[in-house]
Amino acid sequence: MLVSKEMEQENIVGVDMFIESDEQPEVIAKKCQRHGGVKFNIINVSNRGTQVWPTGSVFTNLVNQYNVRFESLDGQPLNQQDIIGLYVSLSGDFKICSLELLNMWGDKKAYSLSQGQ
Amino acid sequence: MKIAVAKGDGIGPEIMDAVLDIFKANNTPLEYEFVDMGKWVFDKGFSNGMTPEAKATIENLGILFKGPMETPKGKGVKSVNVTARKTWNTYANKRVFQTLHGVDTVFSKAGIPIDITVVRENIEDTYGGIEHMLTHDVALSRRFITRPGSLQVIRYAFEMARQKNARRITCGHKANIMKITDGLFLECFYEVAKDYPELKADDVIVDDLCMKLVIQPDKFDVVVLTNLQGDIVSDLCAGLVGGLGFAPSANIGDHICIFEAVHGTAPDIAGKNIANPTALLLSGIAMLRHLGYMQNAAEIENALLFNREYAPVILVIRVKQRLTHRNLRKRSSAILVKNQNSTRKSCCLTGRRFKPYSSLRKTRCLFPKKWNRKIL
């Protein structure tokens, strides 16, 4: 198998939830905050890669798929069960199209920021 | 009319000053509000590369004229250029590539004229910049193509093609491999094409398109592509007419438009006042046309390209334009030297002659004496 030999410590610090919605970013953020619970904090909402909440521009055109970025509330590492718990909770309000884990390799982010974040 | 101006980083301030001087020489009726964007704004702690005041000003004025900007590397921040395009939904990047008089290329020497307009989708594709490491060894970049986004840019391309009486509009794609994403873009292209029966609409796979562009560029007229492929093909087209230094760029949105030079900040020559402002000037000309200042745009363009009627602008251009492009260097140097001892002047770009400055001054008081001193 083609695998690198040296790997850094891996931690899950959050999740990107790609959801379908035709609502405005503020409404989506408000709904999502209910699902964060005691483990997750909603960082931002983006549309086609551009941040639209908490700050954004009224001139950004929106399509009916958003990325809601959740991160660990207290900076503590998460596990997959935490993510699944959030998925189940969030699916009560939205159709979740897909998700991606937010990993840290050592002290380095293994994911990109949204445009404008 | 007031517009927002961001001078940019590296060579940005000097080429922007050169272009604004030319606008002034032409009495272009524009006022400028300078805004803070670029590398030094990142350094001050604004992670999107612009201050809130700059953002508010641009959204209020609706037009941004910007020099090249640098994104700090290794800090995980996003390009301010892409942020600006995406935040304000400038969904179409229009770039016009034309044979320029006096710029020697393979095609100009062969007498093959080039007039290609590339319309690049400006928001979606891999430029969403949504990337994740799945494992330590596997990275993923999401590629979004949406129906509304595709229809928006394709309809703009068809409208623009109709207005310029284009004979052909071509969709570049890779739908043979990316059947879902590029397939959707291609499907939208032919859906819109039904509304424009007078235009010949066809499609070419992007690798084949690149080959055909360098073999027979005169066969193409308007080309519309997705974001990443459009980025590559538009730089290829710039190479056909002399390089990025001769390539204007307009980012068109419904509410805000951005006109910019697409070349880099060239930090190695910044501050030396030797950078060539032609690309930014061509973008400025496109901006004047967009704003309805057709006469001003035509006068400056003619002065730059054809040496007609508006000699003062040429003189300013000649001073400001250091013509770093190798095709022009020898010629411009020779002409500048020659002009110092000559009563007749030639355009630095074309080598054609026009009336001596002294006779122009008698008939038309078109520019301040200080420019004369700079030149002579």
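**Packing and the interface**

Tutor: In this predicted model, F23(B) touches T28(B), L30(B), Y32(B), F65(B), L281(B), G284(B), M287(B), L288(B) and I300(B), once residues up to four places away in sequence are set aside. F23(B) belongs to the largest nonpolar core, which has 61 residues, and the members that touch the most other members there are F23(B) itself together with F65(B), I154(B), F158(B) and M287(B). As background, nonpolar side chains tend to be buried together in soluble globular proteins.

N251(B) is found in strand β11 of chain B, which covers residues 248-252, and its side chain is joined to that of N93(B) by a polar contact of 2.9 Å. Leaving aside neighbours within four places in sequence, the residues in contact with N251(B) are R85(B), T90(B), A92(B), N93(B), N122(B), I256(B), C257(B), I258(B) and E260(B).

Turning to the place where the chains meet, 34 residues of chain A are in contact with 35 residues of chain B. The area buried between chain A and chain B is about 2,700 Å², and carbon and sulfur atoms give 51% of it. On the side of chain A, R48(A), F59(A) and Q115(A) supply 29% of the area that this chain buries against chain B, which is more than any other three residues supply.

As for specific pairings, the rule finds two salt bridges across the interface of chain A and chain B, and one of them is formed by R142(B) with E100(A), whose closest N and O atoms are 2.9 Å apart. Between chain A and chain B, 15 residue pairs are in polar contact, with both residues at pLDDT 80 or more. The elements giving two or more residues to the side of chain A that touches chain B are β1 (10-20), β4 (65-72) and β5 (95-105) of chain A, and β5(A) gives the most, with seven residues. By class, that side of chain A has 13 nonpolar, 15 polar and six charged residues.

Key: Residues are numbered from 1 along each chain as its sequence is written. Chains are lettered from A and ligands numbered from 1 in the order in which they are written. This is a predicted model: local features need pLDDT of at least 70, side-chain atom pairs count only at pLDDT 80 or more; totals for chains, interfaces and linings use all residues. Side-chain values use heavy atoms; hydrogens and water are left out. Contact means heavy atoms within 4.5 Å. Buried area is the accessible area (1.4 Å probe) that two parts lose on being put together, summed over both. A salt bridge is a side-chain nitrogen of Lys or Arg within 4 Å of a carboxyl oxygen of Asp or Glu. A polar contact is a pair of N or O atoms within 3.5 Å; within protein, one must be able to donate a hydrogen and the other to accept it, and residues adjacent in sequence count only if both atoms are side-chain atoms. Helices (H or I, at least four residues) and strands (E, at least two) are DSSP runs, numbered from the N terminus. Ala, Val, Leu, Ile, Met, Phe, Trp, Tyr, Cys and Pro count as nonpolar, Asp, Glu, Lys and Arg as charged, and the others, Gly among them, as polar. A nonpolar core is a set of buried Ala, Val, Leu, Ile, Met, Phe, Trp, Tyr and Cys residues joined through side-chain atoms within 4.5 Å. Buried means under 20% relative accessible area, exposed over 50%, partly exposed in between (1.4 Å probe, protein chains only).
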